[in-house]
Every structure is written in C-alpha cells, then in structure tokens.
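Here are my notes on this model, as numbered points. Please read them with the structure open.

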Amino acid sequence: MPVPSPGGARPAARTATPRKASILRQPTAVWAIAFACAISFMGIGLVDPILPAISHELGASSGQTMLLFTSYLFITGIAMFFTSWVSGLLGVRWTLVLGLILIVAFAAFAGLSGTVDEIIGFRAGWGLGNALFISTALAAIVGAASGGSRQAIVLYEAALGVGMAVGPLVGGALGSISWRGPFFGTSALMAIALVAILVLLRAPKQSAAERAAARASRPSFTASFRALRNPALLALAAVAFFYNFGFFVLLAYSPYPMEAAAKAAGMTAFGAHELGLVFFGWGLALAVTSVLVAPVLTRRFGLRPVLFTMLGGLTVCLALLGVFVGSFTGLVVVIVVSGLLLGIMNTALTEAVMEATDLPRNVASSTYSAVRFIGGAIAPAVAGPIAAGLGAAAPYWIGAASLVVSIIVLASVGHLLHRVGATPHESAAGEAQAITAGDAV
C-alpha cells in the first residue's frame, strides 16, 4: 500500500522506463548509406576472381590485368590528398552523391569495354568516386543515425565487413557468367544506393553562425601535403607504404599462381566462382579480426607490439606463399590465414596514426591513406613483370622483403611515436575510423 506523501499530496506518478535503443530501429536514410557502404567495399575485391578470365578473353597478360588494381588504387591515393578539402567545400551529402555518380558511371563503362586498356582507365575513374565516397561515409551515417554514434558505428562496421567478405563471392558468381557481370552488377547496385541517398538523406539545417563556423574550420587545399611535414605521420605513412605493397602482392597477384596450381592438380573446372570462394574466406577472416579481434589485442598488448607481431606474421605468410607457389592447398590455406593477420594489422596501424599526432583526424587519416594506397598501386604494376622474369614465386619474395623494410622503419622511428599508447585508447568512433581507413583498400 503506497504511503501518503507529506501534506496529503498525491504520490508521484511512476516514471516509465524508456525502451533501450535498438540498432535495427534506424531512419531509412541510415539503411541507404549502410547499403551503399557495403557495395562500395564490395568493389575492392570484386575484380579479383575475374582477373584470369579477363586475361583469357581479352588476350591480356597477367601484368596488364593487374593494372586494374594499380589504376584504381593510384587515383584513389592521389584523390585522398584532397578529399577532406572537397568534403568541406561540398558538404557530406553532395560529396557522397558525387562519389556514387562516378562509381555508377565508370563501373558501367568498365563492363562495356572492349580492351583491357579501357578497363584500366575506367577503373581509375571508379577509384576517384570511391575515394570521395569512403572519405565521407562514416560522417554521413553517424549524422543520420538514431540512438547515438555507437549504434551508427556498429552498423558502419557491419556494412564494411559484409562488403569486404561478399565482394569476391559476388565477383566470382557473376564472373562465372561473364567477366562483365561484376562491373554491371556494381553499377546497378550503386545506382540504387544513389537514388536512395538522394531521396532519403537530407543535409542538417544549420544556423548562420553554424555555417560560418563550418566554413572557418574547412581544411585547406594543401592540408594533406603539409601534414606530411609531421615526422610521426610521415614515419607511419612510410611503414604503411611498404606494408601495403606486400598486401597487394598477395591480393592482386595470387589468382594467377592459384589458377596454375589448380590446373596442375587436375582441377579443370577451377575458375572465377572458385576463386571467389577462396577470397570470400580471406575477406571474411579480414573483416572478423578487424572488427572484433583487433580492438581487444591493441587494448591488452598495446599498438606497437601488435604492429610488430602482425608484420612479422605477414612476412612469414608471404614467404610461405613463395615456398608453396605450386601447391593449390598450400596457397589457399596461407591466403585465408593471412586475412586474419591483415584485419588486425589494418586496424592497429591506422589507429596508431590517429594517436601519433595532434593533427585533425580527417587530415591525418586522408594523408596516411593516400600514401598507403600509392604503395598498394605499385605492387600489381611490378608483380607481373617480376613473375615473368624471375619465376612465379618471385613476387611473393619481393612482397616479404617489403614487409621486412616496414618492420625496420617501424623499429627505427620509435622516438617519434611517444604519443602512441600514451593517451587513453580510441573511442568507438576512433576505432571505426581506424577500421575504415585500414580496410578501404
């Protein structure tokens, strides 16, 4: 029986307990952005299973088809130097829209191409669109989501993981019909995402004072280049440059020795679909460890020990690929295992970049990503000629040597990284940005 309150006042009404925010209860604009994010990250691994098919059908060498990665990554890297400035100038919504328009157009043009040189050129345009899109996607989904930034970040990480894992699978499935299929599929899906974002995503209303403050805080056109004057950022960008060289030796070159090893083992039916399944396992491993394992390891052991351990493990993986270059089973096992290490490495390295300087986060991230993408762009360009001149195992040995260089650079710049681990560890938002820049290759 309720006790009467003093003075005869009626007891206060019982306050209703608010319902816990659900990650699934989001505005439709958030789902549109998440869908576009997944498709965007699918585009990274989409072409991997169809590289041999393009070689066979268009009469191109393995070196020529691997330039599909080079043109994409090189233009993405160059564009990353300017994306923070473009986003500040156009705003998040219109930067997203511009990036999606470019992806839709150039993916379709790639599917219509009649020569490998045309595809290489159109992949460059695709890379420009992807740079604009991925540089602003996190800010867009956080701004549109309900339930706080953490809910939005979980959605973003989920979309990223789905895209990285499913990209090779979709590429293999569509590529088993025609090598043009993955390009047209990406264009169609991104066109749907473009329409959804145009209809559902609205720019937030701002007062005159808020607009003036936003204009005053815009990064300058040369902000990313000037950021390289920071010794810590330059040092970690150099580590990332050599690391990403090894990363893309594995990703871009591996379909060719894998196809040769499958034929040598009598697997006559091995093609785009089967390659897609292998790289689906690789992408799934990468996505799981980047989202779930890397934050746990870096909190427990610290960023630098994790970086050294992952670089060492990946060096061993590249060396093993060189040893087992003629063994189909050996190649598949090492490639999938390497995905586990790459996911952790991607997140830990980019998080170290975020902690190492006091530069604005968007400037540091775009500058680091630009240098890293350029390192990745070089690997496919040289892997083909190296394999032709020195043998099928040679690109893997060169990739392993590049990772050794990254270990040496990291060990020699310890005095520049005193801030790493000295501050409280990354928030959920910081971790998401680390995962984004790490995986958006």
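1. Start with a helix pair. α3 and α6 cross in a right-handed sense (right-handed if the near helix is turned clockwise from the far one by less than a right angle, left-handed if anticlockwise). The contact draws on Q64, T65, L67, L68, F69, S71, Y72, I75, T76, A79 and M80 of α3 and on V116, I119, I120, R123, A124, W126, G127, L128, N130, A131 and I134 of α6. Contact means heavy atoms within 4.5 Å. The two axes come within 7 Å and cross at roughly 30 degrees. Axes here are lines fitted to C-alpha atoms, for helices over the stretch in contact, with angles from 0 to 180 degrees between N-to-C directions.

2. Residues are numbered from 1 along each chain as its sequence is written, and side-chain values use heavy atoms, with hydrogens and water left out.

3. Confidence. pLDDT is the predictor's confidence in each residue, from 0 to 100. The protein's mean is 82, and 82% of its residues reach 70 or more. Helix α18 (residues 394–412) has the highest confidence, at a mean of 96, and helix α19 (residues 428–439) the lowest, at 49. Two stretches stay under 50: residues 1–18, with two contacts beyond four places in sequence, and residues 424–431, with 21 such contacts. Where pLDDT is low, the predicted coordinates should not be read in detail.

4. Overall make-up. The protein has 19 helices and zero strands. Both are DSSP runs numbered from the N terminus: helices are H or I, at least four residues, and strands E, at least two. Of the 441 residues, 55% are buried (under 20% relative accessible area; exposed is over 50% and partly exposed in between, with a 1.4 Å probe and protein chains only). Among contacts with a separation of 6 or more, 88% join residues 24 or more positions apart.

5. Y243 touches L311, L314, L342, M345, N346, L349, R372, L403 and S406, leaving out residues up to four places away in sequence.

6. F241. This residue also lies in α12. F241 is partly exposed, at 24% relative accessible area. Beyond four places in sequence, F241 contacts V371, I374, G375 and I378.

7. α15 and α16. Helix α15 (residues 303–323) packs on helix α16 (residues 328–356) at about 150 degrees, with axes 9 Å apart. That makes the pair roughly antiparallel (angles over 145 degrees; under 35 is roughly parallel, 65 to 115 roughly perpendicular and the rest oblique). The crossing of α15 past α16 is left-handed.

8. α4 and α5. The axes of α4 (residues 83–90) and α5 (residues 92–112) come within 6 Å and cross at roughly 120 degrees. That makes α4 oblique to α5. This crossing is right-handed. V86, S87 and L90 of α4 meet V92, W94, T95 and L98 of α5.

9. T83. This residue is in α4 and is buried, at 2% relative accessible area.

10. α2. In helix α2 (residues 51–58), the buried residues are L51, P52, A53, I54 and S55. Their cover includes α3, α6, α9, α12, α13 and α14. Just after α2, G59 takes a positive phi of about 65 degrees.

11. P257. P257 touches V325, L331 and Y396, not counting residues up to four places away in sequence.

Conventions: Predicted model: local features only at pLDDT ≥ 70, side-chain atom pairs only at ≥ 80, totals over all residues.
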